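Trainee: I would like to go through this model with you, from the overall fold to single residues. Please show it first.

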Amino acid sequence: MLVWWGSEVECVSALARLEREDALSPRSVMLSLKRLGQLATAWHEVDPSDTVRETATRFLRVHPLRAADALQLAAAFLAAERRPTSVEMVTLDDRLATAARKEGFAVIDMQPAD
């Protein structure tokens with residue numbers, strides 16, 4: 001599994017926000033952080049670089065993304081060696097998923113079924 005260097009921070013941010021909003025209990029957050037730590041020991045990170053920054057900047061000009069999402073997409077694009085059809089991407093963010101599909105990634109749908 002390849003992840004962007006800042007993904008762990010983004011995950012902790014989302015969990016903290018859900019806890020502040022009382023959408024997750026402190027126990028659920030603790031368990032989620034533990035699981036995140038377990039995943040982090042097994043994944044490979046795409047480090048920050050000038051190429052990631054330049055690619056993210058281009059993606060911001062052509063897709064309605066937030067900066068962190070553009071960095072994630074750029075990291076995935078470069079990890080795929082500029083051949084996005086060669087890897088699958090997982091995201092729960094609709095805007096990032098749409099941009100990834102437009103760039104040629106196969107996006108795995110992780111949304112809960114209705």
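Mentor: Helices (H or I, at least four residues) and strands (E, at least two) are DSSP runs, numbered from the N terminus. The model is predicted: local features need pLDDT of at least 70, side-chain atom pairs count only at pLDDT 80 or more, and totals for chains, interfaces and linings use all residues. Residues are numbered from 1 along each chain as its sequence is written, and side-chain values use heavy atoms, with hydrogens and water left out.

Trainee: In what order do the elements of the protein run from the N terminus on?

Mentor: The protein has 5 helices and 4 strands. From the N terminus on, the order is β-α-α-β-α-α-β-α-β.

Trainee: What radius of gyration does the protein have, and why does it agree with a compact globule?

Mentor: The radius is taken over C-alpha atoms, and the globule rule is 2.2 Å times the number of residues to the power 0.38. For 114 residues a compact globule would have a value near 13 Å, and the protein agrees with this at 15 Å.

Trainee: Of the 114 residues, what percentage count as buried?

Mentor: Buried means under 20% relative accessible area, exposed over 50%, partly exposed in between (1.4 Å probe, protein chains only). By that cut-off, the buried share of the 114 residues is 32%.

Trainee: Is glutamine 72 buried or exposed?

Mentor: Glutamine 72 sits in helix α4, residues 67-79. Its relative accessible area is 19%. Because that value is under 20%, glutamine 72 counts as buried.

Trainee: With which side chain does the side chain of glutamine 72 make a polar contact?

Mentor: A polar contact is a pair of N or O atoms within 3.5 Å; within protein, one must be able to donate a hydrogen and the other to accept it, and residues adjacent in sequence count only if both atoms are side-chain atoms. Contact alone means heavy atoms within 4.5 Å. Neighbours within four places in sequence aside, glutamine 72 is in contact with Trp4, Ser7, Glu10, Met89 and Leu96. The polar contact, at 2.2 Å, is with the side chain of glutamate 10.

Trainee: Which residues is aspartate 69 in contact with, leaving aside its neighbours within four places in sequence?

Mentor: Aspartate 69 is also found in helix α4. It counts as buried, at 6% relative accessibility. With those neighbours set aside, its contacts are Glu10, Asp93 and Leu96.

Trainee: How far apart in space are aspartate 69 and alanine 56?

Mentor: In sequence, aspartate 69 and alanine 56 are 13 residues apart. In space, C-alpha to C-alpha, the distance is 8.5 Å.
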